[in-house]
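Let us walk through a protein chain together, one stop at a time. Keep the sequence and the 3D view side by side as you read.

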Amino acid sequence: MSGILRVVIAEPSSLVADGLRMMLEEAGGFYTVGTVSDGSMLDERLRVWNADLAIINPSLIDGRWARNIKASLPSLQSVRSLAIVYGVFDDELLRQFDAVAKIVDAPASIVGKLRHMASSGADGRTDGGYELTDRERDILMSVARGRTNKEIADEYNISIHTVISHRKNIARKTGIRSVAGLTVYALLNNMIDCHDLE
């Protein structure tokens with residue numbers, strides 16, 4: 001993944017589309033090239049706007065396209081797609097997207113999925129994967145609790161260099177670099193609760 005990622009948002013609600021666009025602006029590294037509120041225009045717009053990623057509300061997928069989205073919408077073969085879900089959809093339909101996010105997911109989680117998709121190869125894998133390892137989760141929880149790199153190193157009997165390496169991996173996988181952002185991520189993903197914070 002390098003440079004600015006060009007994103008198309010396909011969403012019938014202008015309120016939701018604006019919220020997604022603002023979320024991407026705040027995250028940095030994304031540029032919303034356009035929005036589509038009508039599924040019949042999706043294929044053409046993806047091609048014309050030369051998008052890298054598409055955030056798509058599956059409700060825009062016409063019933064006749066649902067069995068094989070990428071065959072029915074050829075431009076999606078070269079664009080990674082994230083289904084943004086706030087309704088009930090058939091699992092067969094959702095499996096055709098590169099990733100699925102719920103509208104109630106934390107912005108950091110949605111941004112992380114988009115970055116993961118952008119950095120994935122043809123087989124959908126990255127060099128280290130998207131899921132945090134158990135040790136990375138431990139380090140993240142310690143960071144969220146306000147521990148310094150030295151305190152974390154002492155706690156887990158590892159070097160400060162190893163702590164820093166884990167923190168870089170956590171930032172790459174979650175798309176979050178600030179301690180405050182990681183704390184919010186840990187809270188929203190039930191890794192810690194408010195009582196754990198000093």
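Is Asn50 exposed or buried? Asn50 counts as exposed, because its relative accessibility is 55%; buried means under 20% relative accessible area, exposed over 50%, and partly exposed in between, with a 1.4 Å probe and protein chains only. Before we go on, note that this is a predicted model, in which local features need pLDDT of at least 70 and side-chain atom pairs count only at pLDDT 80 or more, while totals for chains, interfaces and linings use all residues. Residues are numbered from 1 along each chain as its sequence is written, and side-chain values use heavy atoms, with hydrogens and water left out.

Now for the overall plan. The chain has 9 helices and 5 strands, where helices (H or I, at least four residues) and strands (E, at least two) are DSSP runs numbered from the N terminus. Starting at the N terminus, the order of elements is β-α-β-α-β-α-β-α-β-α-α-α-α-α. Of the 198 residues in the chain, 42% are buried.

Back to Asn50, which sits in the loop between helix H2 (42–49) and strand S3 (53–56). Asn50 is not a glycine, yet its phi is positive, at about 55°. Asn157 also has a positive phi, near 55°, and is a residue other than glycine. Look for Asn157 in the loop between helix H7 (149–156) and helix H8 (160–174). Asn157 is exposed, because its relative accessible area is 72%.

Next, follow strand S4 (80–85) towards the loop that links it to helix H4 (91–94), where you will find Tyr86. Ile84 lies in strand S4 and counts as buried because its relative accessible area is 0%. Ile84 and Ile110 are 26 residues apart in sequence, and their C-alpha atoms are 9.0 Å apart in space. Tyr86, in contrast, is partly exposed, because its relative accessibility is 40%.

Our last stop is the largest pocket, with a volume of about 270 Å³. Here a pocket is an open set of points on a 1 Å grid over the protein atoms alone, where a 1.4 Å probe fits, with protein on both sides within 12 Å along at least five of seven lines; lining residues have an atom within 4 Å of a point. Its volume is the space filled by probe spheres set on the points, which are joined across faces, edges and corners. Of the 15 lining residues, Ala27, Pro107, Ala108, Val111 and Ile176 are the closest to the centre of the pocket. Helix H1 (14–27), helix H5 (107–119) and helix H9 (179–188) each give at least two residues to this lining.
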